[in-house]
Amino acid sequence: MTTEQAMEKLKSMTLTNKVYVGNKVLVDGKDTKVRFTDGDMAKVKRVFKTQRTWIPSFKEKDYMIMPGRTDHYRNVTLKQEVSKKLEQQNKNLQAPKDAQAYMKDGKIGVSKSKNGNQYDISAMLKAYDKQKYNSEIHLRPVKLQPVRENSRIVKQEKQKLEELSNKTVNYLLQEKKYPFKASELVQNASVSKEMKLAIDPSGIQSRLEELNKEKSTLHKNFSFKTHAGSVISVKGQSYGWAIDTKAEAKRIADAFQNGKDTVKAYNIYGEGYSTIGVGYHVLAENGIGDTYAEVSISDQRIWIYKDGKLKVTTRVVTGRHDTNEDTPKGVWYIEYKESPSVLEGSEAGNPNYSVKVKYWAPFTLGGVGFHDAGWRKNWAMDAYLHHGSGGCVNTPPSVMKTVYDNLEQNEPVIVY
C-alpha cells in the first residue's frame, strides 16, 4: 500500500468493542469507528519509513499508531463499564488474605497468607489501556495477590511491634510520674496498612483503675484536722476527683502510637456544679489544703481559713435537727457565689417559700449553702435542735459579708 491507501484503510476501520477475559466475553459494546484523520498522516509515513530494510526480510514486526483524536467511548465509557463488570464479579469471588504481623498475649507472630480468586482490576485496566485501539480487547485474568509472610511489609510490621514492646510512657498525675511499660500493659496489638499501630488498651485501663483506686479522692474519706487540733475522718461528698480511665487509656495508647514519652493527666472528673474534679491540684493536708470553710454542727460555729490563717469565725444556726433537716455532713465545695439572691424551696412547716438574701454561697446541689438570715431572732447554740434552718447555714447579717468575701468558688467546705 501507499501511505494514502494505508491512511484510508485506517480511517475506515471499525472497532467491535468486545472485551474478553480469557476466552469469555466480559463486555459486548457497540461498534465504533477508529478516529484516524488526515492529521495522522505523518505518523503513517514514519511507520512506512521505519519498516524499510537493507535486504528483503519476511520477519513480521508490530507497529503502533495512536489516532490524534481521543475516542471518548473507548477511553472512558467502555473502560468504566469493564471496571464495573470486574467489580461486580469480585463481589462473588474470594478475596486474598494478607499475611500480617500481630501481637497476641504479649507475643509477636505472623498470620499466614491465603490465595483468593478476585481480579486485580488495576492491573487489568492497565492492560486494557495498551489494547484500547484493537478491534477486540483480550485481557488476561490477573488475580489479586496477598501480602506474603516474608514480604518487606510484614517485616516492617514486626519491627514496629518490637519497637512498641520496648516503649514506656510516663503518666503525669498530680505532678508525679507513673511509668506505663508496653511490655507489661500491652498484650494485643496489630499494624494497619498505613503502618499505624492498633493497640488494645484494656491492660492500660486496668493499670489506670488501680491508680484511680489508690490516688483519687472522690467519695472517699478525708482525714481532717479541726480548729481544735483533733483529727477526724469526714466522708467526701461532691469535693474530690477521679480519673476517667477509659478516656485516659486511649490517650496513653495514642502516645505509644505517636512516640510520645509523657502524658499529662487530662480527663479528671468530679461531681456537683463542676464536673472537672475539684481539688485535683490540691496536694497539701490530705487533699483539702489550707484554704477551706469548717462547719461544726455540735459547736454551731464556722471557721473560714485562707492559706492556713483564720479569717473569720462566727456563731451560726444549721439545719433543723428534730425534722431531719440537718445540714448534710461531709466534704463539699463552694459551687458559686451570688449577691443578692432569691432563695426558693421548702422546709418543715413552710412547703413553698421564697426569700431574698444579700449573700448566697451554696455548697450542695440540693440547695444547701451559706447565707445571711436577717429574719432570724434565735441565734442560741441549741436553736438548731427545734428551730434550725431548712438545711442551710444561717449566718448573722453583721458578719455575713466578711464570710462571703472569704469564700471562693471550688474551695472545700467541711461539715461535721
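Analyst: The open sheet has three strands in the order E9-E8-E15, with mixed pairing, where two strands pair if DSSP finds at least two bridges between them, and where strands (E, at least two residues) and helices (H or I, at least four) are DSSP runs numbered from the N terminus. Its edge strands, each pairing on one side only, are E9 (176-181) and E15 (262-264), and the twist averages 25° from one strand to the next. This is a predicted model, in which local features need pLDDT of at least 70 and side-chain atom pairs count only at pLDDT 80 or more, while totals for chains, interfaces and linings use all residues. Residues are numbered from 1 along each chain as its sequence is written, and side-chain values use heavy atoms, leaving out hydrogens and water.

Strand E8 (residues 168-173) runs parallel to E15 and is joined to it by three bridges, with Tyr171 standing opposite Val263 in E15. Helix H8 packs on the sheet, touching E8, E9 and E15, and its direction makes about 140° with that of E8; such angles run from 0 to 180 degrees between N-to-C directions, the axes being lines fitted to C-alpha atoms, for helices over the stretch in contact. Helix H7 (residues 202-215) lies across E8 and E9, running at about 155° to E9.

Tyr171 is also among the residues with the most contacts inside the largest nonpolar core, which has 30 residues; such a core is a set of buried Ala, Val, Leu, Ile, Met, Phe, Trp, Tyr and Cys residues joined through side-chain atoms within 4.5 Å, buried meaning under 20% relative accessible area (1.4 Å probe, protein chains only). Helix H8 (residues 245-258) gives the most to this core, with five residues.

Conventions:
Buried < 20%, exposed > 50% of the residue type's maximum accessible area, 1.4 Å probe, protein only. Contact = heavy atoms within 4.5 Å.
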